[in-house]
Amino acid sequence: MTDTLSAAQARRIALAAQGFTRSRPASVSARSLHGAMQRLGVLQIDSVNVFARSHYMPMFSRLGSYEPALLDRVFFSRRSRYVEYLAHEATFMPVDDWPLWRFRRDHFARKLAAPDSWATANRRTLDWVRDELRSRGPVRPADIRADAPRERGTWWDWDDTKIALEQLWRTGEVAVAGRKGFERTYALAEQVVPADVLAQEVPIKTAMRELVRRAARSSGVATAADLADYYRIRDRAAVTQAIAELTDAGELVPVQVQGWQRQGRPLAAWRHVEAALPRRVDAAALLTPFDPVVWFRDRALRAFELDYRIEIYVPAHKRRYGYYCLPVLVGDRIVARVDLKAERATSTLQVQSAWWEPQARPSDDAERIAAELALAASWQGLEHVSVSGWGTAADDVHRALGTHPSVRRHVHAREVTM
């Protein structure tokens, strides 16, 4: 008999699996980051820096204020426990997971070997880059460019250098050895990944089952589409087979979630056997658009009633909510979205717009949002918070900030000083 969960129970299970029922530590340490990463599985990387780059945000959402340089030391160093790969989009993942991704590296290798591929047409470029990495060790693309051979014609330019490194990274010949600021350094995989890890062979069927198992643990409760998206597995037949095997083994439990439907029919879902069902979730957090809680649009809409699209690429006059809106979690509900910008010149966190979601309780939620905005400003070293008049939640958030104990109203009508 299939268990039945209410939509609220499913949300609480999902949030608990992501670490939102844990108290934020008084002080965030490397151990705190490792613990959060164990629950997340992967940490998506993004270059947009209008407020804070996306890979810093999930740790802030779960752990509270911490020193971003700590994350740099934990994730960016050459001897890190983590390495970058396409384990969702570009993500940090445990370096020990390298063998699980052989199937994806082989997929890219086959594409590169095609007669009409860029790699086939630029074999000399790839060979030269390999030789440079072998002799020089970790380098930035600009370092290679500086010494690139100059020949007649167009066989070599800056784009070729970068493309070659990216292609070799996708196939696993090259790994990211760290970052300087946000710029990657590249090296041959054997210069980054431990030899014993590099030597491991994991059959594709085993890898798929392990990735689905991890996706289920990080999701708490999920549909087949949710589990496939967590690690961007395109082979749905392999996901279906892995689910069946994990269900037979007792690791996944079939459930039905009230309201989880497609075309009027209930969606099949599974709960990880170790997933907890908390009585309540008392979290409040600003979420990056690339947080696992909301990164799959279908799941965000189904589980949290959040119909979310990023508007970075939408012309300004056509944006509905703002350039880079962050969903706001209060309890087990996504209650709002806020478009934030860190204005360094004036040391101001600009709330460029603020919008209530249908499931919001404005009289209660505004204070929780104000507290998170105050914390976010402090985390980013900003002294002020300003709130524009754009959005259904703007006035409520502004009023709540004005009475928040950690801030006081500035002389300007729409700004609050930390």
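**Note on the predicted model: sheet, helix packing and ring pairs**

1. Strands E3 and E4 (residues 91–94) are paired in the antiparallel sense over 4 bridges. Helices (H or I, at least four residues) and strands (E, at least two) are DSSP runs, numbered from the N terminus, and two strands pair if DSSP finds at least two bridges between them. Tyrosine 85 stands opposite threonine 91 in E4. Helix H2 (residues 30–40) packs on the sheet and touches E2, E3 and E4, where contact means heavy atoms within 4.5 Å. The direction of H2 makes about 100° with that of E4; axes are lines fitted to C-alpha atoms, for helices over the stretch in contact, and angles run from 0 to 180 degrees between N-to-C directions.

2. On provenance: this is a predicted model, in which local features need pLDDT of at least 70 and side-chain atom pairs count only at pLDDT 80 or more, while totals for chains, interfaces and linings use all residues. Residues are numbered from 1 along each chain as its sequence is written, and side-chain values use heavy atoms, with hydrogens and water left out.

3. The sheet is open, with 3 strands in the order E2-E4-E3 and antiparallel pairing. Strands E2 (43–44) and E3 (82–85) are at the edges with a single partner strand each, so one side of each is left without a neighbour in the sheet.

4. Leucine 63 belongs to helix H3 (residues 57–63). Its relative accessibility is 7%, which counts as buried (under 20% relative accessible area; exposed is over 50%, partly exposed in between; 1.4 Å probe, protein chains only). Leaving aside neighbours within four places in sequence, leucine 63 is in contact with Arg24, Pro25, Val28, Ser32, Leu33 and Ala36.

5. The whole structure has 14 aromatic pairs. Rings of Phe, Tyr and Trp (its six-membered ring) pair if their centres lie within 6.5 Å; planes under 30 degrees apart count as stacked, over 60 as edge-to-face and the rest as tilted. One of the pairs, tyrosine 85 with tryptophan 98, is tilted, at 6.0 Å centre to centre and 55° between the planes. Tyrosine 85 lies in E3 and tryptophan 98 in the loop between E4 and helix H5 (102–112), so the pair ties together parts 13 residues apart in sequence. Tyrosine 85 is buried at 0%, and tryptophan 98 is buried at 2%.
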